[in-house]
Amino acid sequence: MATRTDAPTRREQILKEAARLFAERGFHGVGVDEIGAAVGISGPGLYRHFAGKDAMLAELLVGISESLLTGAKRRLSEADAAGVASEAVLDSLIEGHIDFALDDRPLITLHDRELDRLRDADRKLVRQLQRQYVELWVGVVRRLYPDLAEPAARSAVHSVFGLLNSTPHLTRPGSLPDRAGTAELLHRMARGAFAAAAGA
């Protein structure tokens, strides 16, 4: 979502505003009319794009899980094709997740609060995609730190995700440096966490 450089479609505009409103006020605190007003169309007009709020929530949470996994696979494939070192591969994965954590903060909040509202099939799909994403990271971390046992590497990956996904809680003015400074800080902390887990 955040990586698009062309103009967003109407559907993407709706999803972006729905994510923002759901994150600010909760899923049940937002009506279809309000989402429509945020993008300049009538509430009933939204039904040309989505069956309802539940469909929006599912597309947001499944969509970001798919996007993170697809992006990580692409980064890994490009790195392998270029023959870059494991350290650079891990740096690339961290950079990709930081982009998400800084640019899609409402989706982090939405996932934390509303995942259980998804239909069972959608929730299971989100969890499946997330497990694949974690295991991709675990493989890269263990390539860089081969003495780190698999369970410890997995715990380290989850811990780093917790660190990077803390950005929605840092919203007070002055609580973060500019974007570049924040990205650099998060990257340094993530690498430090992995090195500490490996005892490096």
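Me: How many aromatic pairs does the structure hold?
Reply: This is a predicted model. Its rings of Phe, Tyr and Trp pair if their centres lie within 6.5 Å. The number of aromatic pairs in the structure is five.

Me: Are the rings of Trp137 and Phe194 stacked, edge-to-face or tilted?
Reply: Planes under 30 degrees apart count as stacked, and planes over 60 as edge-to-face. The ring centres of Trp137 and Phe194 lie 6.3 Å apart, and the planes stand at 35 degrees, so the pair is tilted.

Me: Which helices does this pair link?
Reply: Trp137 and Phe194 are 57 residues apart, so the pair is a link between distant parts of the chain. Trp137 belongs to residues 120-144, and Phe194 to residues 179-197. The helices are α6 and α8.

Me: Are Trp137 and Phe194 buried or exposed, and which residues form a cluster with them?
Reply: Both Trp137 and Phe194 are buried. They also belong to one aromatic cluster.

Me: How are helix α4 and helix α5 oriented to each other?
Reply: Helix α4 covers residues 86-103 and helix α5 residues 105-114. Their axes are 5 Å apart, at an angle of about 85 degrees. Angles of 65 to 115 degrees count as roughly perpendicular. That makes α4 and α5 roughly perpendicular.

Me: How many residues of the contact of α4 with α5 are nonpolar?
Reply: From α4 come Phe100, Ala101, Leu102 and Asp103. From α5 come Arg105, Leu107 and Ile108. Two residues of the contact are charged and no residue is polar, while the nonpolar ones number five.

Me: What covers the buried residues of α5?
Reply: The buried residues of α5 are Leu107, Ile108, Thr109, Leu110 and Glu114. Their cover includes α1 (10-25), α3 (53-82) and α4.

Me: Is Phe27 buried or exposed?
Reply: Phe27 sits in the loop between α1 and α2. Buried means under 20% relative accessible area. Phe27 has 4% relative accessibility, so Phe27 counts as buried.

Me: Which residue lies over the face of Phe27?
Reply: Among the residues that Phe27 touches are Phe22, Asp54, Leu57 and Lys53. The C-alpha atoms of Phe27 and Lys53 are separated by 8.2 Å, and the two residues are 26 apart along the chain. At 4.5 Å from the ring centre, the residue over the face is Lys53.

Me: Where does Arg11 lie?
Reply: Arg11 is placed at 4.1 Å from a ring centre. The ring whose face Arg11 lies over is that of Phe50.

Technical notes: Residues numbered from 1 in each chain as written. Predicted model: local features only at pLDDT ≥ 70, side-chain atom pairs only at ≥ 80, totals over all residues. Heavy atoms only, no water. Phe/Tyr/Trp six-rings, centres within 6.5 Å; stacked < 30°, edge-to-face > 60°. Helix = DSSP H or I, 4+ residues; strand = E, 2+ residues; numbered from the N terminus. Buried < 20%, exposed > 50% of the residue type's maximum accessible area, 1.4 Å probe, protein only. Lys NZ or Arg CZ within 6 Å of the ring centre and 35° of its normal. Axes fitted to C-alpha atoms, helices over the stretch in contact; angles between N-to-C directions. Parallel < 35°, antiparallel > 145°, perpendicular 65-115°, else oblique. Contact = heavy atoms within 4.5 Å. Nonpolar A, V, L, I, M, F, W, Y, C, P; charged D, E, K, R; others polar. Lists of a residue's contacts leave out its neighbours within four places in sequence.
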